[in-house]
Amino acid sequence: MTTNTEKEVLLQLKDYSITFKTPEGDVKAVSNMNLTVRRGERIAIVGESGSGKSQTFLGIMGLLAKNGQTSGQALLEGRDVLALKPRELDKVRGKDMAMVFQDPMTALNPSLKISRQLTEQLEIHRGFTAKAASVEALDMLKRVGIPDPERRFNLYPHELSGGMRQRIVIAMALLTKPKLLIADEPTTALDVTIQAQILDLFNDLTAEMNTALLMITHDLGVVAGLADRVAVMYAGRIVEEAPVDELFENPAHPYTAALHAAIPRPDQDVDDLVVIPGRPPNLQHLPKGCNFSPRCPKVQDGCIDRPPQLETLAPQHCAACFHPFPRREELLTHA
Amino acid sequence: MILNPAKRELLAAELLEAEGLSPEGRSLTKDAMRRLCRNKAAVVSMVVLTLLILAAFLGPYFIPHNYEDPDWAAFRSPPSWEDGHYFGTDPNGRDLLARVLYGTRVSLAVAFVATLVSVVIGVLYGAISGYFGGRLDSIMMRFVDIMYALPYILFVILLMVIFGRNVYLLFAAIGALEWLTMARIVRGQTLSLKHREFVEAARASGQKPLKIITKHIIPNLVGPVVIFAALTVPEIIATESFLSYLGFGVQEPLTSLGTLISEGTNAMENMPWLLIFPATFLVALLLSLLFIGDGLRDAFDPKDR
Amino acid sequence: MPNQQTSSAPTLLKVENLTTQFEIQAKSFFKKPTMLTAVNDVSFELKEGRTLGIVGESGCGKSTLGRSILQLIRAQKGRVVWQGKNLLDLTEEQIRAARRDMQIIFQDPIASLDPRMTVGDIIAEPLTVFEPKLSRAQRLERVRDIMAAVGLVPEMINRYPHEFSGGQAQRIGIARAVITRPKLIVCDEPVSALDVSIQGQVITLLRNLRKEFGLTLIFISHDLSVVRLISDDVLVLYLGKVVEAGDCATVFDHPAHPYTQALFSAAPIPDPKLARQRSRIRLQGDPPSPMNPPPGCVFSPRCWKATDICRTKMPPTELVREGQSAACYHMDRPPEA
């Protein structure tokens, strides 16, 4: 099995930040982020509200709100997509990078048949003729597991269920054979059994097409089932990054450990749930020093002086904390 | 040194304070008023309206002449500074300025009273009809539909003919017709409100239906009702002016802006001031109310939250 | 950990053959309106102090069931026996009186609070209905006490709902629900709309209040992990029907009905090694719409074990083992002793 360092680098975020200008002042949604995504890799970005997980990638795709400003670099195969003009970005977006959202209706036009929406992608980005596009689109519908695709090809989005719509959006995203697929909470609004189907779909298709997958989620269960590597975000920064097995076995950052211990499981009885006190960070009023300090069970005096930087704790495992958990320490569960 | 939980709580509390949360709650109405004050057109209009109201109700005490006594020395005279007839006089020698101010007073009174009547009746009627639904709603709304179908002007004229030209009747007639639209709007809003979760929560708390209407539904109608009322006032003034113009409005010697405009139109060629001044006042009144109404609608827009 | 109550606790609520239907307007003038059966012949017994979890996916009718139990949506058939009386027989006024002891917590915390009322007034509303003789000062004191009990800062009593976060708003909803010390609370997906780190806080609060006030809960959720955490017993709903029921630990560890098995198999587990090892049941198709129920067993169109009899007649509910029952012709029974 090829190790990570042997695979080619696809996307590199260097010192990447996003600032929103509001009447109450500047809000830094993402601060100095560094991330490397390799070809064919599956990375999960975990975080809650205010973590900046969605904004990071909306920024790369050029989909930020008007008052948002990016800085730093986002190199897609060496080319800085942040520096591209809108016209050039249009060519990249949808073709080399595609994004799937939580609500499929953000990508689907309710007044167009899905056949048209699918073939449009192919005609624009890959220069297909209408006829060839239809054939390819129908084929993709089959691959995403839509039953009776010929009939459904001519339907409107509202005639299909939520799960179906999400599959179509995935089909649209993959039709252009992108190198990177970004999925922002794609299954959060779906039922459990449908979620499992869609996650399987992501798994199978990205492996088949060697597309790198960036899955943004708050659900550690989804992460465990899908990711190779995980980056945990809090208040606009990556606080921990590690291969998936390592992250679950040896969470170093107190936030990661707390998240782990705070979620119930369907397969085990949990006697005492760890409660993370306080609330998700308000980006307009961040504490001095470490962003997690108000809620951290291990907070000490030094934590509120200056923000911690990402430090390597083990091969490919880094965390931004002055007092990370040592490896294999049992987290005492106490509600 | 590990921070003890007390110190960590202090940190959290400091953060809360830094967010600037004050003990007094920020109600939605206060938010809306703040937004309204940022709207320049609305603020200017509120100033203009205030001036007009002050002029109409206090002005007559400060000007040299009154509205009904003819000035034997100055018939049909154009506006002049020396004899105190700042707006000139009409064919009967009465001071136009005083008459315009009085006319504005009557127009405003009619409009506000009629609006109040229409709001009270319309809101109660629409809320009850919308909340209870079913057959009651059908009957109540059919009644409204029938009333709508009646030819409005003929109806008013009929009332005038039967009961004579009485200012109070004018209020009643106009109010009696404006409540219909208010009722429809309120019913529509109620229909959507009654399915909201907080209304269901009130039912789950055992609250009686009439109490739900008064405590939950009507307060949440404030936005649309205020906006509609603010936009109805100019419509009522215009209607009253129209009726008075036709000769169905207030009786002599009382006057309204409509009556004045009517007289002014007749004498337009010889005595243009008789038309210009009342018309300017009417336009100023209507425009300021319209801008305020528009501003209110923007201010109450929930999307801004 | 399940609440180890003995079965000698009195029965608080008994639901028998409850059916709730909605009339859907016909699409054309000539067609008759169709009946949508959201809750289909549901029966269960809830003992005082126990927590019943109700799980299912969209369209299964769990929310409608919760509301039908409280008669916020009136059911058409069956019995809901509460304090000796069948709620379906009572007048609207009698039901209103009964609401003192049966309350509800909603899924969307902020939408369940009247945006024009202060938090204090919202929490005090049930008191104004059921204890009207209280003076204003007494009411205020009760509100403050309950706010402290749910972890809200009493100084926030004059704030408005939109000034709170989701987690705090849910605490307000909980405060309102418990202020009259009800016996039963129906929790309709109370944590689904909240952040993961806040979900734990609210669940812990519910568990503490349950102990402190001796509450009986009905906990509706699509999240199996949360249901397992807080419930003693569980009901699995599919298309308005109970396909499996029983003791939480038993059902979760040994699901008998194919749907339950598929559901548990699909639930993500936060453990990458386990996730790789587990054998997954991959269900085909979408959850069906209650507008077009299949003949026979409700699950037959998607069931890999379905045979002819499944497609013709709905299977009866049978006991699988002590503390577990299911409705399936091909359920997984425990091995014969």
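Predicted model: local features only at pLDDT ≥ 70, side-chain atom pairs only at ≥ 80, totals over all residues.
User: How are two packed helices described?

Analyst: Two packed helices are described by the angle between their axes and by the distance between those axes. Here, the axes of helix 3 (residues 114–126) of chain A and helix 4 (residues 130–143) of chain A cross at roughly 115° and come within 9 Å. That makes helix 3 of chain A roughly perpendicular to helix 4 of chain A, because angles of 65 to 115 degrees count as such.

User: What is the handedness of the crossing of helix 3 of chain A with helix 4 of chain A, and which residues meet?

Analyst: The crossing is right-handed. From helix 3 of chain A, A:S115, A:L118, A:T119, A:L122 and A:E123 meet A:A130, A:A133, A:S134, A:E136 and A:A137 of helix 4 of chain A. By class, the residues of this contact are 5 nonpolar, 3 polar and 2 charged.

User: How many residues of chain B are in contact with chain C, and what is their make-up?

Analyst: On the chain B side, 22 residues are in contact with 26 residues of chain C. Helix 8 (residues 197–204) of chain B gives the largest share of that side, 7 residues. The chain B side divides into 7 nonpolar, 7 polar and 8 charged residues.

User: Which domains does the assignment give for chain C, and how far apart are their C-alpha centres?

Analyst: The domain assignment gives domain 1 (11–101 + 182–326) and domain 2 (111–181) of chain C. Their C-alpha centres lie 29 Å apart. In chain C, 12 residues of domain 1 are in contact with 12 residues of domain 2. On the domain 1 side, the largest share, 6 residues, comes from helix 6 (residues 196–213) of chain C. That side has 10 nonpolar, 1 polar and 1 charged residues.

Terms used:
Residues numbered from 1 in each chain as written. Chains lettered and ligands numbered in written order. Axes fitted to C-alpha atoms, helices over the stretch in contact; angles between N-to-C directions. Helix = DSSP H or I, 4+ residues; strand = E, 2+ residues; numbered from the N terminus. Parallel < 35°, antiparallel > 145°, perpendicular 65-115°, else oblique. Left-handed = near helix turned anticlockwise from the far one by under 90°. Contact = placed C-beta atoms within 7 Å. Nonpolar A, V, L, I, M, F, W, Y, C, P; charged D, E, K, R; others polar. Domains from an automatic or database assignment.
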